[in-house]
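Reader: I would like to learn how to read a protein model. Please take me through it feature by feature.

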Amino acid sequence: MTNTNLFSKIQIFISKLLLFTSPLIITTIFFIDPGKTQVTNNSSMLAISGLILFLLWFILLICFVFSLLFSKSTRTWILTKLTCSSENDERELQISGKASKATFLSTISFLLVLFILSFISIIHSPGEKGMRGFIIKKISQTTSLKSTELATEKGKAKAQIYSGTKNYDEFSVLSLSKSNLILLILLFHIASYHINRRRY
Amino acid sequence: MGSLLSKLLIHNNLVVCRAETKLTQQQLAEHIGVTRLTVIAIEKGNYNPSLELAFRIAIFFKKDIQNIFFIQNN
């Protein structure tokens with residue numbers, strides 16, 4: 001019991017530390033590009049200590065998000081505060097349950113739509129208006145680590161059949177980066193939960 | 001009474017009980033351990049309290065539970 005309490009206290013401390021320092025760190029990242037920052041013999045102590053603090057913060061962040069996965073109490077405490085969900089009495093508990101079910105179903109629907117869209121690419125001929133054609137990628141191409149079929153001679157020939165031209169650009173319908181896509185799904189999930197809570 | 005499988009329309013006279021004791025919705029909510037919104041929902045008939053909450057309300061008003069919550073015949 002004592003170990004559990006100590007562990008919980010450490011988790012709460014880390015979460016509060018991350019909460020208060022994250023805006024400063026994220027703002028600093030926007031103005032300073034860590035990729036271009038090099039530690040040399042002439043670097044000031046301030047720059048070196050800033051880099052060390054950033055690394056410590058990042059390690060704490062990684063540990064924290066993994067603890068969210070494995071610690072139910074931390075997950076409940078942190079995420080209910082972050083998502084502004086409250087369960088003060090039995091009625092709110094019931095509403096929360098109904099909203100959670102509706103959110104679960106709507107998020108699955110959203111993910112299915114994204115999954116289908118990920119198979120579709122639009123072929124566009126530069127200099128000409130409108131969509132020339134589309135290719136539905138094979139499942140093996142979408143899930144494999146190799147380049148798309150269009151990079152091969154066979155793929156180019158197929159594209160020519162669909163587009164009727166020899167010059168083409170390929171655009172994926174789902175052209176978001178991985179981070180943006182995950183962020184979109186997260187925001188959709190949270191928004192869906194709050195909308196469903198209001199409905200009930 | 002109709003079929004037991006059909007949805008029962010449970011009514012209550014919580015408004016009357018509260019008026020008799022001259023309590024506000026917020027005060028009643030604090031006494032029975034729920035939010036004011038829950039008291040409003042019960043009074044309007046939008047929410048049926050659990051058995052525990054219904055008994056808590058009855059004990060608080062010192063009345064029999066069936067004097068507060070009842071099924072109205074169609």
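Predicted model: local features only at pLDDT ≥ 70, side-chain atom pairs only at ≥ 80, totals over all residues.

Reader: At what angle do the axes of H2(A) and H3(A) cross?

Author: Two packed helices are described by the angle and the distance between their axes. Helices here are DSSP runs (H or I, at least four residues), numbered from the N terminus. Axes are lines fitted to C-alpha atoms over the stretch in contact, and angles run from 0 to 180 degrees between N-to-C directions. The axes of H2(A) (residues 45-70) and H3(A) (residues 72-82) cross at roughly 110 degrees and come within 6 Å. H2(A) and H3(A) are therefore roughly perpendicular (65 to 115 degrees).

Reader: Which residues of these two helices meet?

Author: Contact means heavy atoms within 4.5 Å. On H2(A) the residues are Phe64(A), Leu68(A), Leu69(A) and Phe70(A); on H3(A) they are Lys72(A), Thr74(A), Arg75(A), Ile78(A) and Leu79(A). By class, six are nonpolar, one is polar and two are charged. Ala, Val, Leu, Ile, Met, Phe, Trp, Tyr, Cys and Pro count as nonpolar, Asp, Glu, Lys and Arg as charged, and the others, Gly among them, as polar.

Reader: How many salt bridges does the structure hold?

Author: Side chains of opposite charge can pair when their charged atoms come close. The rule asks for a side-chain nitrogen of Lys or Arg within 4 Å of a carboxyl oxygen of Asp or Glu. Over all chains there are three. One of them joins Arg18(B) and Glu43(B), at 2.7 Å from N to O. Arg18(B) lies in H1(B) (residues 14-20) and Glu43(B) in H3(B) (residues 36-44), 25 residues apart.

Reader: How much area do chain A and chain B bury between them?

Author: Buried area is the accessible area (1.4 Å probe) that two parts lose on being put together, summed over both. Here the value is about 610 Å², 47% of it on carbon and sulfur atoms. Asp89(A), Glu90(A) and Arg91(A) supply 81% of the area that chain A buries against chain B.

Terms used. Residues numbered from 1 in each chain as written. Chains lettered and ligands numbered in written order. Heavy atoms only, no water. Parallel < 35°, antiparallel > 145°, perpendicular 65-115°, else oblique.
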